[in-house]
Structure formats: structure tokens, C-alpha cells
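Here are my notes on the model you sent. Please read them with the structure open.

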Amino acid sequence: MFTGIVESVGKVEEINQQGSNVHYAISSEISNELKIDQSVSHNGVCLTVTKVSDGKHWVTAIDETLKKSNLGDANLGDRLNLERCMKADGRFDGHIVQGHVDALAKVISIKDENGSWLLTFELEEEGLVVEKGSICINGTSLTCFNVDKKFFSVAIIPYTFEYTNFNQLAVGSVVNIEFDIIGKYIHLILNRK
């Protein structure tokens with residue numbers, strides 16, 4: 001489990017295809033602290049660390065992950081938001097994040113708001129987005145507003161803009177979305193036949 005509070009931004013150093021799997025080597029400030037078998041969120045995707053060496057860690061994404069997330073489009077040099085799983089005695093600063101991507105969304109607008117940024121996204125299909133509710137975008141816990149079926153906005157403060165990969169986004173960029181788990185369970189219960 002994660003909280004959507006990004007710890008570090010990693011850089012994709014190597015990409016190796018092996019069958020339908022893709023192995024990524026990521027360099028980051030936390031890579032040397034990681035351990036093999038540890039779960040780490042990469043742009044909101046929970047991946048298992050398979051190797052740690054020389055300031056890099058390695059993870060593997062299976063075909064399903066590549067199809068359902070923006071990791072399938074990752075290139076050398078791309079920056080990924082990283083978060084280690086939450087410790088049992090840790091502070092809950094974001095919201096409950098599983099590291100399971102529910103949908104992809106496209107950036108349709110970025111507005112400089114004189115010190116912060118207003119980003120608007122379009123989902124591929126209508127999702128479980130609630131006005132003033134939590135959403136996880138590329139592994140970052142944020143609050144939605146201006147929600148309208150397939151569209152929603154978030155505000156990015158300078159700290160988040162500087163210390164995540166949001167500063168790399170442009171109109172047309174595709175991001176990973178995880179809807180709030182509580183909302184997903186409520187939706188499931190209310191729609192059971």
C-alpha cells in the first residue's frame with residue numbers, strides 16, 4: 001500500500017525487452033536504499049525490485065502492466081515518480097493508494113496560475129472521479145475539482161511541480177490514474193445485481 005506522496009523522481013537508464021516482459025533500470029536518490037522483493041510505486045504502478053546496484057534498481061513490467069499504464073511508452077531518460085510502500089507505523093499524508101492503475105488520462109490543458117499550475121485531464125472513458133475527492137495521478141495523491149464525466153482538473157503547488165514529474169508534462173501527455181479505493185468499493189456495492 002502507498003499514500004501517493006512521491007519520495008523521489010527516478011530516471012530510466014535502461015530498457016530491456018525479454019519476451020513480453022520489459023525490464024527497467026532506474027537511477028534515483030532512493031535506489032541504493034531499496035531491497036530485492038520490495039514493492040515500489042513507479043508512476044503509480046506497483047513493481048517489485050529485482051536488483052539493486054550502483055545507484056540503480058531494476059524492476060520488471062509484464063505485458064498487462066505495459067498495456068494498461070504509461071510505462072509501455074517509457075523511453076530512456078524519462079522521469080518516474082517513486083514511492084516506497086508505507087510502513088505500518090508511518091504517517092498517512094496522502095490517501096490509500098494500491099499501485100493498481102485503473103485508467104489512462106490525457107493532459108488537455110496546463111495553465112500557469114501565477115505560482116501554481118492548473119492541469120485538466122480527459123479520461124479515456126468515464127471514471128470514478130468525485131468533486132473534491134482524492135485521485136492518484138502518476139503515483140501522486142491529488143484532489144479533483146471541475147469534475148464533468150470524463151474531465152477533471154487538479155491544482156499543482158510549486159513544491160509538487162518541482163519534486164515530481166509533473167514539470168515534464170505537456171498537453172497530450174498520458175498519465176496513469178488510480179481512482180480512490182473507497183469510491184471503487186462503494187460503486188461495486190451499489191451496482192451489484
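Is Ser 69 buried or exposed? The points below start there. Keep in mind throughout that this is a predicted model.

1. Ser 69, burial. Ser 69 counts as buried, because its relative accessibility is 5% and the cut-off for buried is under 20%. Look for Ser 69 in the loop between helix H1 (63–68) and E6.

2. Ser 69, polar partners. Two backbone atoms deserve a look here. A polar atom of the Ser 69 side chain lies 2.7 Å from the backbone oxygen of Thr 65.

3. Set aside the neighbours within four places in sequence. Ser 69 is then in contact with Val 45, Val 101, Leu 104 and Asn 176.

4. Asn 165, setting. This residue sits in the loop between H2 and strand E13 (174–179). Asn 165 is buried, because its relative accessible area is 4% and buried means under 20%.

5. Asn 165, partners. The side chain of Asn 165 makes a polar contact with the side chain of Asn 43, at 2.9 Å. Leaving out residues up to four places away in sequence, Asn 165 touches Val 9, Asn 43, Arg 79, Leu 80, Asn 81 and Asn 138. Gly 10 is 155 residues from Asn 165 in sequence, yet their C-alpha atoms are 9.2 Å apart in space.

6. Strand E6. Residues 79–84 make up strand E6, which pairs with E1 in the antiparallel sense over four bridges. Ser 8 has Leu 82 of E6 as its bridge partner. Strand E3 (residues 39–42) also pairs with E6 in the antiparallel sense, over three bridges. There, Ser 41 stands opposite Glu 83 in E6. When you inspect these strands, recall that side chains in a regular strand alternate between the two faces of the sheet.

7. Largest pocket. How much space lies in the largest pocket? The figure is about 430 Å³. Its lining has 20 residues, and those nearest the centre are Val 6, Tyr 159, Thr 160, Tyr 163 and Thr 164. At least two lining residues come from each of strand E1 (8–18), strand E10 (140–143), strand E12 (151–156) and helix H2 (158–163). By class, the lining of the largest pocket has nine nonpolar, seven polar and four charged residues.

8. Second largest pocket. This pocket holds about 330 Å³ of space. It is lined by 15 residues, and Asn 43, Asn 70, Asp 78, Leu 169 and Val 174 are the closest to its centre. The lining of the second largest pocket has five nonpolar, seven polar and three charged residues. Note Asn 43 in this group; its side chain is also the polar partner of the Asn 165 side chain.

9. Thr 143. Thr 143 belongs to strand E10. It counts as partly exposed, because its relative accessible area is 43%, between the limits of 20% and 50%. Apart from neighbours within four places in sequence, Thr 143 is in contact with Lys 132, Gly 133, Ser 153 and Val 154. Ala 74 is 69 residues from Thr 143 along the chain, and their C-alpha atoms are separated by 26 Å.

Key. Residues numbered from 1 in each chain as written. Predicted model: local features only at pLDDT ≥ 70, side-chain atom pairs only at ≥ 80, totals over all residues. Heavy atoms only, no water. 1 Å grid on protein atoms, 1.4 Å probe; cavity = no way out; pocket = protein on both sides within 12 Å on 5 of 7 lines; lining within 4 Å. Points joined across faces, edges and corners; volume = space filled by probe spheres on them. Nonpolar A, V, L, I, M, F, W, Y, C, P; charged D, E, K, R; others polar. Buried < 20%, exposed > 50% of the residue type's maximum accessible area, 1.4 Å probe, protein only. Contact = heavy atoms within 4.5 Å. Polar contact = N/O pair within 3.5 Å; in protein donor to acceptor, adjacent residues only side chain to side chain. Pairing = 2+ DSSP bridges.
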